[in-house]
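Reader: Could you walk me through this structure with me asking and you answering? I would like each answer to end on the value or name I ask for.

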Amino acid sequence: MKITEHIERAEKTLFSFEILPPLKGQSIQSLFNGIEPLMEFKPAFIDVTYHREEYIYKNMGNGLLRKQAVRKRPGTVGICSAIMNRYHVDAVPHIICGGFTTEETEDALIDLNFLGVENVLALRGDAIKSEPTFIPEPGGHHYSTDLIGQLIDMNHGKYLDDSLQHPAPTDFCIGVAAYPEKHFEAPNLTEDLKYLKKKIDLGADYIVTQMFFDNQKFFDFVKTCREMDINVPIIPGLKPLVSAKQLTVLPRIFHIDLPEDLVSEVEKHADDKEAVRQIGVEWCLQQSKELIEFGVPSLHYYSMSRSTSVQKIAAEIF
Ligand code: FAD
C-alpha cells in the first residue's frame with residue numbers, strides 16, 4: 001500500500017523506521033535480528049537506505065596503490081523484497097541520483113515495480129566519502145528534482161525510449177527528504193524550501209525530515225512549509241542518541257544542532273554508557289509524545305539497524 005494511503009487510513013499516529021543494509025558479507029539474518037524486536041509495534045512501513053560506492057586504495061606491493069571502488073552495503077532492492085515477503089510490511093527503498101545513469105535508474109525502478117514495491121524515497125544522495133562535493137554521474141541526475149521528474153514520467157507511462165509501444169505506467173508513491181535545520185549546502189532555509197516546494201510541485205507525495213532533537217525547529221519548519229503551500233504529509237525523523245560520542249558525530253555528519261539541555265545531561269554521565277543510552281531514550285520519548293500531540297502522521301525512527309532504544313520508545317507509545 002502507498003505511504004499516503006497508510007496515512008489517510010490511520011486512526012492514530014503511525015510507527016515506521018529506517019534500516020541500513022548489512023555490511024557486505026553479513027547474512028540477512030543480522031538484519032532480521034534488528035527488525036524482529038520492532039515488529040510487535042506494527043510498523044506501517046520500513047525504509048531501507050541506499051549506499052553508493054566508496055573508493056579504497058589497495059597496496060600493490062610494488063610501491064603503487066590501486067584505486068578501487070567498493071560498495072560496503074549493497075542489497076537495498078533485495079532487502080525490500082525480503083522484508084515484504086517475510087513480514088508483509090511495505091518497504092521503502094531509498095533511490096539516489098549518485099552513481100546512476102538515467103537508464104540505470106529506469107532499470108532499477110522497473111525491477112522495483114515488478115517486485116511490487118509501491119513506494120520510493122527519491123534523493124540526490126551524499127557525495128562519495130573521498131570527494132568533497134556531490135558529483136553527478138555522467139548521464140545521471142544532478143538533483144532529487146531531476147529524479148522526481150523521471151519517476152513522474154514513468155508514472156505517466158513515459159520511459160526514456162520514446163519508441164516503446166503502449167508502455168505500462170508505474171504507480172510509485174514518492175517521498176522526498178527535507179531538513180528542518182536546512183540542507184548544509186543551501187545558503188539559507190528559504191532557498192532550501194524553494195527547492196522542497198519544487199519537489200512537491202513536481203508531484204512528490206510526502207516528506208520525511210532529517211533527524212532533529214529540538215521539536216520547536218520541526219514545528220517552525222512545518223508552519224513555514226504550510227505558509228508556502230507545501231501541503232503534503234510531513235513525517236518527522238527521530239533518532240535516540242546512544243552514546244556520548246554522538247554529541248560530536250551527529251552534528252558533523254548530519255549538520256544538525258543538539259540542544260544545550262541534552263548535551264549537558266549527556267556530558268554529566270559521559271562515562272556511563274547505559275545512563276547515556278537511557279538519556280537518549282527519554283529525550284526521544286518526550287519528543288515523540290509532543291509530536292503526537294502536534295498531530296504528525298507517523299513517527300519515523302532512524303534505528304540504524306540497532307533496535308534496543310527504538311524498542312523501548314515504541315513500547316511506551318505504540
Ligand atoms: P536535493 O533535494 O537534490 O537537494 C540538495 C541541495 O540542492 C539542497 O541544498 C537543495 O536546496 C538544492 N537543490 C535541490 N534541488 C535543486 C535544483 N533543482 N537546483 C538547484 N539546487 C537544488 N543519502 C544516501 O546516500 N542514501 C540514503 O539512503 C539516504 N537517505 C536519507 C533519508 C532522509 C530522510 C534524509 C533526510 C537524507 C537521506 N540521505 C541519504 C542524505 C541525502 O542524500 C543528502 O542529505 C544529500 O546531500 C541531499 O539529498 P536530497 O535528496 O535532499 O537532495
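Reader: Which side chain does the side chain of R124 make a polar contact with?
Author: R124 sits in the loop between strand 6 and helix 5; helices (H or I, at least four residues) and strands (E, at least two) are DSSP runs, numbered from the N terminus. A polar contact is a pair of N or O atoms within 3.5 Å; within protein, one must be able to donate a hydrogen and the other to accept it, and residues adjacent in sequence count only if both atoms are side-chain atoms. At 2.9 Å, the partner of the R124 side chain is the side chain of E185.

Reader: Before we go on, what kind of model is this, and how are residues numbered?
Author: This is a predicted model, where local features need pLDDT of at least 70, side-chain atom pairs count only at pLDDT 80 or more, and totals for chains, interfaces and linings use all residues. Side-chain values use heavy atoms, with hydrogens and water left out, and residues are numbered along each chain as its sequence is written, from 1.

Reader: Is R124 buried or exposed?
Author: The cut-offs are under 20% relative accessible area for buried, over 50% for exposed, and partly exposed in between (1.4 Å probe, protein chains only). R124 has 14% relative accessibility, so the label is buried.

Reader: Which element gives the largest share of the shell around the ligand?
Author: A residue is near a molecule if one of its heavy atoms lies within 4 Å of it, and 24 residues surround the ligand, with Y50, S144, Y179, D192 and K199 the closest. Elements that give two or more residues to this shell include strand 5 (90-96), helix 5 (144-155) and strand 8 (206-211). With four residues, the largest share comes from helix 6.

Reader: How many residues of that shell are charged?
Author: Ala, Val, Leu, Ile, Met, Phe, Trp, Tyr, Cys and Pro count as nonpolar, Asp, Glu, Lys and Arg as charged, and the others, Gly among them, as polar. The shell has eleven nonpolar and seven polar residues, and its charged residues number six.

Reader: Happy with that! Which loop holds H255?
Author: H255 is not a glycine, yet its phi is positive, about 60°. Its relative accessible area is 34%, so H255 is partly exposed. The loop that holds H255 lies between helix 8 (246-254) and helix 9 (260-268).

Reader: And what is the phi of H166 near?
Author: H166 lies in the loop between helix 5 and strand 7 (173-178). Its relative accessibility is 76%, so H166 counts as exposed. H166 is a residue other than glycine with a positive phi, near 45°.
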